[in-house]
Amino acid sequence: MAKKSEAVLVLGATGQQGGATARALLKDGWRVRALVRDPSSAKARALEAAGVELVRGDMGDRASLDRAVAGAYGVFSIQPSSGQQHYGVTDDDEVRFGMDIADAAKAAGVDHFVYTSVLGLRSGTGVGHFESKWRIEEHVRASGLRATIVRPGTFMELLLVPNFGLTPRGLQFFMRPDQPMQFIAGEDIGVLTARVFADPRTYVGTTLGLAGDSLTGKQLAEKISRATGTSISYARFPPEVLAQSPMLHKLVKMLDEERVIGNADIPALRRLAPDLLTFDAWLERGGAAAIRERFAA
């Protein structure tokens, strides 16, 4: 049984998924511990002010991982990847980080290990930072850990990334205009993960897809247009853009071949977390205002 008097170690707590998970766990009454490289940074100090215990360490330093997991009830595991170029890590780095924290958790006798991957993941995608997550998943499954793998869908916040396809003239994204894709608000990853930690009897040994809405490209553009008062059109990334990015080309190809698909059970997730955001709700809660700021800039 989950014991909220014990601590959950959250990796990546200064980032989007880890931060959302730390906030949701705190709200649900858990003790939260965060591995941080620099406890004096503004983001780390904000965590500490919210009640998070800080442990100095680095994902590349196994000894610091061992110190961080000592006495913890649970671990939320996320690693930087080559898909996040500003982190400067390789696919092999990601795998090593993911395996090391799983091994440290196993050695420490952690009761519940939650690894966050990517929705619809299968082997053989040919996309480096998908293959690295598959290798970590396989290691977690083979480790003997009491573990849950969560697989979030496409972040709604991805639409806010500069130069990623959204302009006042239109939206370009991965899917065909009539092709659905599953999305989730970043904050809801934390909410759902906290529910997983609260119910190990149900979720240990399972893989859970996470999404809050399913939308076609055309529906995305329509909803953004309505919420922002700016009429935009939708088109898939054009061939010339795909030609410049082998990764985007592979992702689009996988979508068309249904080798990576959104398979989260959204009605079941909404029963687990009734306030799970739809895309309309995300726009209303601040997404539309952020998009308008992007358009103004």
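This is a predicted model: local features need pLDDT of at least 70, side-chain atom pairs count only at pLDDT 80 or more; totals for chains, interfaces and linings use all residues.
**View 1. Helix α8 meets helix α12.** Helix α8 covers residues 217–228, and helix α12 covers residues 279–296. Their axes come within 9 Å. They cross at roughly 75 degrees. Angles of 65 to 115 degrees count as roughly perpendicular, and α8 and α12 are therefore roughly perpendicular to each other. On the α8 side, the contact is made by Leu220, Lys223, Ile224, Arg226, Ala227 and Thr228. On the α12 side, Phe279, Asp280, Leu283, Ala288, Ile291, Arg292 and Phe295 take part. Sorted by class, the contact has eight nonpolar, one polar and four charged residues.

**View 2. An open sheet of three strands, β7-β10-β12.** The strands are listed in their order in the sheet, and the pairing is mixed. β7 (154–155) and β12 (213–216) stand at the edges. Each has a single partner strand, so one side of each is left without a neighbour in the sheet. β7 and β10 (residues 180–184) run parallel and are joined by two bridges. Look for threonine 154, which stands opposite phenylalanine 183 in β10.

**View 3. A second open sheet, β8-β9-β13.** This sheet has three strands, and its pairing is mixed. The edge strands are β8 (166–167) and β13 (233–236). Each of these edge strands pairs on one side only. Two bridges join β8 to β9 (residues 170–173). β8 and β9 run antiparallel. Leucine 166 has leucine 171 of β9 as its bridge partner. Helix α8 returns in this view, lying across β8, β9 and β13. It runs at about 150 degrees to β13.

**View 4. Serine 64 in helix α3.** Helix α3 spans residues 62–69. Is serine 64 buried or exposed? Its relative accessibility is 0%, and buried means under 20%, so serine 64 counts as buried. A polar atom of the serine 64 side chain lies 3.0 Å from the backbone oxygen of aspartate 58. Which residues does serine 64 contact, leaving aside its neighbours within four places in sequence? They are Leu35, Arg56, Gly57 and Asp58.

Notes: Residues are numbered from 1 along each chain as its sequence is written. Side-chain values use heavy atoms; hydrogens and water are left out. Axes are lines fitted to C-alpha atoms, for helices over the stretch in contact, and angles run from 0 to 180 degrees between N-to-C directions. Helices (H or I, at least four residues) and strands (E, at least two) are DSSP runs, numbered from the N terminus. Angles under 35 degrees count as roughly parallel, over 145 as roughly antiparallel, 65 to 115 as roughly perpendicular and the rest as oblique. Contact means heavy atoms within 4.5 Å. Ala, Val, Leu, Ile, Met, Phe, Trp, Tyr, Cys and Pro count as nonpolar, Asp, Glu, Lys and Arg as charged, and the others, Gly among them, as polar. Two strands pair if DSSP finds at least two bridges between them. Buried means under 20% relative accessible area, exposed over 50%, partly exposed in between (1.4 Å probe, protein chains only). A polar contact is a pair of N or O atoms within 3.5 Å; within protein, one must be able to donate a hydrogen and the other to accept it, and residues adjacent in sequence count only if both atoms are side-chain atoms.
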